[in-house]
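Dear colleague,

I am passing on the structure we spoke about, together with some notes on its charged side chains. Please have it open as you read.

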Amino acid sequence: MVDCEGVSMDTQVEKERGDEEKEGGKSASILSPQLKAMIRIKKKYLKKSNSVRLAHNTNSVVSDGSLHPKSPQTRKSKRRKSRVLFPNDTLICKPKKECSRANPFLLLFSLIVFIQVYNAIENLDDHVLKYDLEGLERSLHREVFGQPEALEELMDHLNDYLSTYAHQKPLALSLHGACGVGKSHLGRLLARHFRSVVEDKLVVHYLSKHHCPLQDTARHCASKLAQRISEVVARAEEEEQIPFFILDDVELMPPPLLDILQTFLQTNQTNEFLNVVYVFLSSLGQREITAHVLQNSSTAGAHKPLRQALSLIHPLWTESAVELIPLSLLEREHIIQCFLEEMTLEGFYPDLSNVERLADELAYHTAAGRQYAKTGCKQVVGKVNLL
């Protein structure tokens with residue numbers, strides 16, 4: 001039996017080994033079979049534990065002596081490295097990925113551009129609303145007969161130009177057409193409308209027959225016109241508005257007047273003379289327009305032959321600021337509308353049979369099954385007065 005009072009199992013094993021060595025290989029043993037079995041089991045367990053630990057350490061070390069990336073030591077060290085400890089009284093500022101000092105400036109620049117674009121759009125709307133171009137368009141389509149293409153082109157130019165205040169050149173709208181197609185009526189409508197939306201002194205309606213009736217005073221008329229344009233432009237510059245000059249019967253203007261107008265259409269002037277709208281009303285080029293309309297039943301494409309004909313008359317119409325707008329011939333249905341309008345204004349009952357009879361008394365061009373009045377609505381007022 002084993003003495004359990006202060007002697008361990010290992011001590012007894014070592015003592016047994018020493019006794020066996022002293023006895024010189026005795027076959028008999030003083031240990032019991034139970035104790036020998038326990039010793040064998042312990043040896044096997046220790047041997048197995050040492051082999052497992054050795055294999056595990058061998059796998060954790062790579063050939064170059066470093067630790068294996070999947071070893072527990074490596075994972076533990078990585079976990080420790082990913083965590084940064086700071087004192088409690090220190091502000092923790094984590095670095096941002098792809099942080100650049102230019103990002104705040106880029107954001108500020110984008111905001112400034114957005115605000116400028118927004119303000120520009122608002123200013124465009126304010127300018128268009130100030131001149132009430134929608135009301136002008138409705139009025140022209142209601143009171144001017146047979147000119148839908150010309151009115152559309154006219155309104156496009158006005159919308160583009162009046163949407164802003166700063167310009168690189170003045171706008172000169174040169175409307176040309178045959179007798180009686182509504183040039184003078186259109187000029188009166190434009191003058192009346194713009195006088196209602198801007199100051200009356202900023203709108204000049206110039207009639208050649210009235211303001212310069214004699215050819216021998218052409219130079220004097222030219223100097224007076226130049227002085228008036230300068231005064232109105234200076235006043236408009238003070239009030240930050242665009243002035244309007246509507247000049248009728250341009251075909252009657254002598255060359256000195258046309259020369260003065262050409263100087264005001266140059267682009268190398270001061271800024272106040274670049275923010276001006278000129279409207280020329282003339283019958284010059286009516287032969288080219290009439291031939292084109294009779295051949296094509298439309299004014300589309302008549303700009304090129306019209307400009308060629310006008311350039312031979314005066315270099316005014318070669319300026320880049322001049323926009324040509326041809327007016328079409330009036331058809332028979334438009335003449336009937338003129339009669340109905342005039343009879344209503346004079347207080348006559350608009351009898352349609354009587355109106356058609358009066359319309360048949362006029363002379364017409366016939367082309368492509370259509371009838372175009374040779375004198376337009378020019379004779380309508382005289383015939384209504386005879387009723």
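This is a predicted model: local features need pLDDT of at least 70, side-chain atom pairs count only at pLDDT 80 or more; totals for chains, interfaces and linings use all residues.

Residues are numbered from 1 along each chain as its sequence is written, and side-chain values use heavy atoms, with hydrogens and water left out.

Taking a salt bridge as a side-chain nitrogen of Lys or Arg within 4 Å of a carboxyl oxygen of Asp or Glu, the count comes to eight. One of them joins Asp 360 to Arg 332, with the closest N and O atoms 2.5 Å apart. This pair links distant parts of the chain, since Asp 360 belongs to helix α14 (residues 352-360) and Arg 332 to helix α13 (residues 332-346), 28 residues apart; helices here are DSSP runs of H or I with at least four residues, numbered from the N terminus. Another salt bridge, at 3.8 Å from N to O, connects Glu 239 with Arg 235, and these two residues lie four apart in helix α9 (residues 218-239), about one turn of the helix. Glu 199, Arg 235 and Glu 239 are linked in a network of salt bridges.

A negative surface patch comprises Asp 132, Glu 134, Glu 137, Glu 149, Glu 152, Asp 156 and Asp 160, where patch residues have over 30% relative accessible area and no salt bridge, and like charges are joined within 9 Å. Helix α6 gives the largest share, four residues.

Best wishes

Key. Patches are made of residues with over 30% relative accessible area and no salt bridge: like charges are joined within 9 Å, nonpolar side chains (Val, Leu, Ile, Met, Phe, Trp, Tyr) within 5 Å. Accessible areas come from the Shrake-Rupley method with a 1.4 Å probe; for residues, only the protein chains shown count as cover. Lys and Arg count as positive and Asp and Glu as negative; His and the chain ends are not counted. The place of a charge is taken as NZ of Lys, CZ of Arg, CG of Asp or CD of Glu.
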